[in-house]
Amino acid sequence: MPMPVPGLSETAMIVCLFFIFLVPFAGAGISLINAGLGRSRSAGHMMMAAISALSVAAIVYFICGFAWQGFIGKPGHIFTLSGKSWNWIAAEPFFFRGLALDGSPASLAALLQIFCVGLAALIPLGSGADRWRLRASCASAALLAGWTYPLFAHWVWGGGWLAQLGVNYGLGHGFIDAGGASSIHVLGGLSALAVTWILGPRRGKYSPDGMAPAIPGHNAVLVLFGCLLALLGWFGLNSAGAILFTGSAPARAVLIAVNTMLEAAAAALTAAVITGIRFGKPDASLSANGWVGGLVASSATCVFVVPAEAIVIGAIAGALVTFSVEWFELRLEVDDPGGAVSVHAIGGIWGLLALGLFARFHDPVLNVVNGALPVTGGGAAGQWLAQLVGVATLLGFVLPLTYGLNWALNRLCPFRVAIEGEQQGMDLYELGAGAYPEFVTHTEDFIPR
Amino acid sequence: MKIVGFLLLLTGWLLVLAAIVLLASPGSRAGFVLAGMTVEALGLTIVIRSHLILREEKR
């Protein structure tokens, strides 16, 4: 049975609230990265889609998302299998009814989740850049916020069966994810993959003989500034998640911030070195992808590894992201302008597995259901298996689910913009105005008056 | 073909769940979890292949 979460002291509550208020910076960073990696003629549309996805996700999550996700100690639908209880979905009332917004752990978790679900909804926008219609992206965000995200997040953060793997089957502390590497990033990355498959590549991306000319992002400054903003958001995301979902003491935020920074730095440097060796000069967009890939990996591991291990995890994340971007684009013909699949899905899966390999549990880990499990050494086989089960669930359940939902949605509300929309640019076609109007040359400017 | 791939992904996941529920010894449990993930990898490969074949047909 779920155990009640111990209440937070007033100081811990204020610290946690401060960290939660930093999380929107992650959304701002991801939005800028998506806009910068797309074409200039669709930049305004991308930012508008980001605001819309955040808005839709927040409202849908308020209406029904939290009711499915719940929180530890709250009611859930439970079935019994071989004498073990499986908590598979929460049974909260809709519209946050019954949830006192008073600084309790449940209310802080609800606030954090409103931002987290928006962050997950932003991820597929990067892969659908330059061709995904605004209303279709909003509808897809609604599905993600109303069903896919809450269901999986309940399993991980709401006292669900993945978190119960420790108490039920002796698999370490159960599936652990402090900062949302699985429920935000891998889920968002797999949704991005599904959306990319449904949309198909941008016109002109692949020539008839299968060659893939590069379509570079239009603004490296936006992309790199987005990386810096995202870092701030990740400090908040990882720290608040660790306090609320793994029972970490607020003082652990120092370790979390150090590890988050080191993983991002190691990943970005690895990407820069790899691209420097392969192409003669470091590639800014791939280095930015590496940076975010390191941040994503840190979401799983931030509080459970020492800084030296964080550097190793970050470096491997940077290498994985760099090679997988090319692999998806050239070998698998997945046209993903923002690199969302590589950065969020591959980086997140690596982070989850790295936790199984490197984790050290300094304090008793709460993990929502376990209460105070004994402190154990690092890299236990059971913990590794629990992380594998979580990854298997993401690939074997979440990917077919999100593909099926988006495929059905595409039948009702076509995802892809008309050909003239792609040629004209999403800004003019869908919004009626460009992002950079002063850079457009109007013929009437040259008419002598 | 894509549907077969997705069904294999689901099947692999169910194998993983069955291994956790039905098997008690850590070795056999880990072996069946890995077997389930191998089935998932096969499903993912089929989905990707079907996507590539579809792309080639469109060209």
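**Figure 1. Sequence separation of contacts in chain A of the predicted model.** Of the contacts in chain A between residues at least 6 apart in sequence, 81% join residues at least 24 apart. The secondary structure of this chain consists of 15 helices and two strands. Its radius of gyration is 21 Å, close to the 22 Å given by the globule rule for 449 residues, so chain A is as compact as a globular protein of that length. Along the principal axes, the C-alpha atoms of chain A occupy a box of roughly 80 × 50 × 45 Å. Buried residues account for 60% of the 449 residues.

**Figure 2. The side of chain A that touches chain B.** Contacts link 19 residues of chain A with 21 residues of chain B. On the chain A side, helix α13 (residues 381-412) gives the most, with twelve residues. That side comprises 15 nonpolar residues, three polar and one charged.

**Figure 3. The largest nonpolar core.** This core has 164 residues, and those with the most contacts inside it include Ala53(A), Ala120(A), Val389(A) and Val16(B). Helix α4 (residues 105-127) of chain A gives the most to the core, with 15 residues.

**Figure 4. Surroundings of Val16(B).** Leaving aside neighbours within four places in sequence, Val16(B) is in contact with Val389(A), Ala392(A) and Gly396(A) from chain A. In chain B, its partners under that condition are Val33(B), Gly36(B) and Met37(B).

**Figure 5. Helix α9 (residues 253-279) of chain A and the residue that follows.** At 1.5 Å a residue, the 27 residues of this helix should span 39 Å, which agrees with the 38 Å between its end C-alpha atoms. Just after α9(A), Gly280(A) has a positive phi of about 95 degrees.

How values were computed. Residues numbered from 1 in each chain as written. Chains lettered and ligands numbered in written order. Predicted model: local features only at pLDDT ≥ 70, side-chain atom pairs only at ≥ 80, totals over all residues. Contact = placed C-beta atoms within 7 Å. Helix = DSSP H or I, 4+ residues; strand = E, 2+ residues; numbered from the N terminus. Nonpolar A, V, L, I, M, F, W, Y, C, P; charged D, E, K, R; others polar. Core = buried A, V, L, I, M, F, W, Y, C linked by C-beta atoms within 7 Å. Buried ≥ 20, exposed ≤ 12 C-beta atoms within 10 Å, placed from the backbone. Expected span 1.5 Å × (residues − 1). Rg over C-alpha atoms; globule rule 2.2 N^0.38 Å.
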